[in-house]
Amino acid sequence: MIDRLIALSGEYIKKYNDFPIATRNLSIEEQESLADFLEIVLQDNRQITEKEIKQYQDISKDIDI
Amino acid sequence: MSRQSILDKLTLNHETQIKKTLEDLEAQIISDIAEHKKLLSTQPFSPELLRQKTAITIQLRNDFKKQFQNTFLAESDTLIREYDQLVGEFMKEFGKLDIPDKFKNLTKVDLDTISALKTQTFQGFEEVANTYLTEINTNVYQNVIGGRSFDDMVRDISGKLTGGVDAAGRPMSSHAGQLAHDSIMQFDAQFVKAKSSSAGLTHFRYAGTSITTTRDFCQRHIGQVYSEEEIRSIWSGSWTGKSSGDPFVVRGGYRCRHTWNPVDPDWLEKEEKKKEEKPIKNIFGDVADSEKNLLKEAFGNKVNPITKVISTIPALKKFKREGGGFYRSSEDLLNMGSNHADNIEQLRTFIHEYGHRIDRQLGAIYLKDKSLLKKYGKNTKQKIIDTNFQSISHLQIQSLIDDTKILTKDLKKRKDAFFLENKRVQMDAPDLVTKRVEREKFFKNLNLKEKVILSDDEIKDYLKFNKRSYGQEQIYKFKLKLKHKIFDSYGGQYDSQFTTAFNDYIGSITKETIGAGHGKYYYNQSPNIIKDGVRTFTHRQSLEAFANYTQMTYDLNTVTPVMNMNVRNIEKKLMEYYAKNTTNSFNNFIKEFDKL
């Protein structure tokens, strides 16, 4: 996993006690895109919304990531 | 009869024989005392009577010494002579190894070694005999002079030999029984080590079986091959029942039944190649074209527990290679993702997702055929079986609960202890910029003292594998984490000194109180299985735990393009150390797969 995503998701967890998007088994492109998105969220000083979570991952109950 | 069978036979027979001899010895000693019963029981006390009684105790001392020599020591001598059977069998087995012929026979030096080892063993029996003889003599003298009754005296002696306790809390029969057992094992161990070293063999396999009383430590190492250096490093740690001494001699500790067998890493490589050269057709059973080659790349082309279980499930229905990896059970769709950076990483994702598939597919079979419960959920409570059942890992949710309790108990205290210890060391360490060499030496010295479940070399390999710095300082920090059984991160954050799979494994078990990978949110978007106190354990937790276990157990370490190292072994140890209940439960799954 790319270090930038590890660092940014870590920062998010420190603030909000959880990072609601699974970071395992993402493609490199997805990791980079998620890291860019996280930078914005952290700058905005806000939590990720349910709608945004769904944009990054399918959370249907029959999906195992 | 193999050397192992001879060891089993001799340890059992000798222990029984030595206990029987002590019963005979006890009867003879009591009979010696009984000859003087009348005088010893005479009261009241007078100077003449004291003189006569003292004379009798002196005579009894000589009688007892003879009895010890004629029974216990004579029998010990006979038993030690039987050790030759072990030498004979070991030489037969040793002769079949791929070593120069000159090492295949007993030399004069070997015969001297055998003789010295036997003498040393006999001295051990003599020491025990002398200790108990002195105690019995003292006891008899004190009882005679003190005027205790004959019956009391007999009870005391009987207690010392076969019933009571010694200073270490055991009667002589128990003490000598253990000595008989350990003497055989240690004689064998010392001879095997001496002969192997003379033939230039420096690697050994820890061999033997596992029974209910097998120490966790032994359990972890059975079947593993280590260099002598690794053995000395691993064995310098501590565990319950350890006895001090050379690891080749004492092995797991008192009454340990395991042995070290010499191997040459080249033999193992040849064996491995031989197996790979003979691929077995259709080892995966009916498979889809899309998964055929990937299964071989991921799990190899020889039969193993995972190929056996895959051969029992239907061919994959849908396959994709895009974006992030996942498995969708409703469509039997496996997406191994598209990780353009590294093909090996992509295969790891495939193994992870295939872990989910096996788990879900067996779960579906179970819903039709409840007999699978005997294999994968022997002790599972009915309430757990009846709650949102979807996969076989579900049946082992109690193991996750048990591990979570262990991992989260006093977690803050353990983390504080880690930070404090690390801080203290950082303050004492030579300056990073101006005294770099001294600093490395400083941490090297600390590493020599700090012993954990992994050797320094293993930690170095693991850090390299994780693309982290692997100097003495980083090795020490990693050791401190193992010592306190923590990750150096907040819950949900990765600790980059460990692999993402291991972070995720512990994260799935504790729902990311420790570890990271999927996030609490992901786990909570899943049916609950059980509530334990304030914690809710969900279906996705057991699913991810099993997928990560599968990924690490079948890690592709031997084909990693970056380096070729045995990360699989290292992570096996880490899994068993941090989460022994969950790991043991899944180890049992693998054993069941192997029976298929």
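**Reading a helix pair and a chain contact**

Mentor: Let's start inside chain B of this predicted model. Helix α1 of chain B, residues 3–34, and helix α6 of chain B, residues 150–163, have axes that come within 10 Å and cross at roughly 160 degrees.

Trainee: How do I read that angle: are α1(B) and α6(B) roughly parallel or roughly antiparallel?

Mentor: Angles over 145 degrees count as roughly antiparallel, so α1(B) is roughly antiparallel to α6(B). As for the hand, the two helices α1(B) and α6(B) make a right-handed crossing.

Trainee: Which residues in α1(B) and α6(B) meet?

Mentor: From α1(B), look for Leu22(B), Glu23(B), Leu25(B), Glu26(B), Ile29(B), Ile30(B) and Ile33(B). On the α6(B) side they meet Met153(B), Val154(B), Ile157(B), Ser158(B), Leu161(B) and Thr162(B). Sorted by class, this contact has 9 nonpolar, 2 polar and 2 charged residues.

Trainee: Now the two chains. How many residues of chain A are in contact with chain B?

Mentor: Chain A brings 23 residues, in contact with 34 residues of chain B. On chain A's side, α1 (3–16), α2 (28–44) and β1 (63–64) each supply at least two residues, and α1(A) gives the most, with 4 residues. That side of chain A divides into 12 nonpolar, 4 polar and 7 charged residues.

Trainee: And β1(A), which strand of chain B does it pair with?

Mentor: Strand β5 of chain B, residues 326–328. β1(A) and β5(B) pair in the antiparallel sense over 2 bridges. To find the spot, go to Asp64(A): its bridge partner in β5(B) is Tyr327(B).

Key
Residues are numbered from 1 along each chain as its sequence is written. Chains are lettered from A and ligands numbered from 1 in the order in which they are written. This is a predicted model: local features need pLDDT of at least 70, side-chain atom pairs count only at pLDDT 80 or more; totals for chains, interfaces and linings use all residues. Axes are lines fitted to C-alpha atoms, for helices over the stretch in contact, and angles run from 0 to 180 degrees between N-to-C directions. Angles under 35 degrees count as roughly parallel, over 145 as roughly antiparallel, 65 to 115 as roughly perpendicular and the rest as oblique. A crossing is left-handed if the near helix is turned anticlockwise from the far one by less than a right angle, and right-handed if clockwise. Two residues are in contact if their C-beta atoms, placed from the backbone, lie within 7 Å. Ala, Val, Leu, Ile, Met, Phe, Trp, Tyr, Cys and Pro count as nonpolar, Asp, Glu, Lys and Arg as charged, and the others, Gly among them, as polar. Two strands pair if DSSP finds at least two bridges between them.
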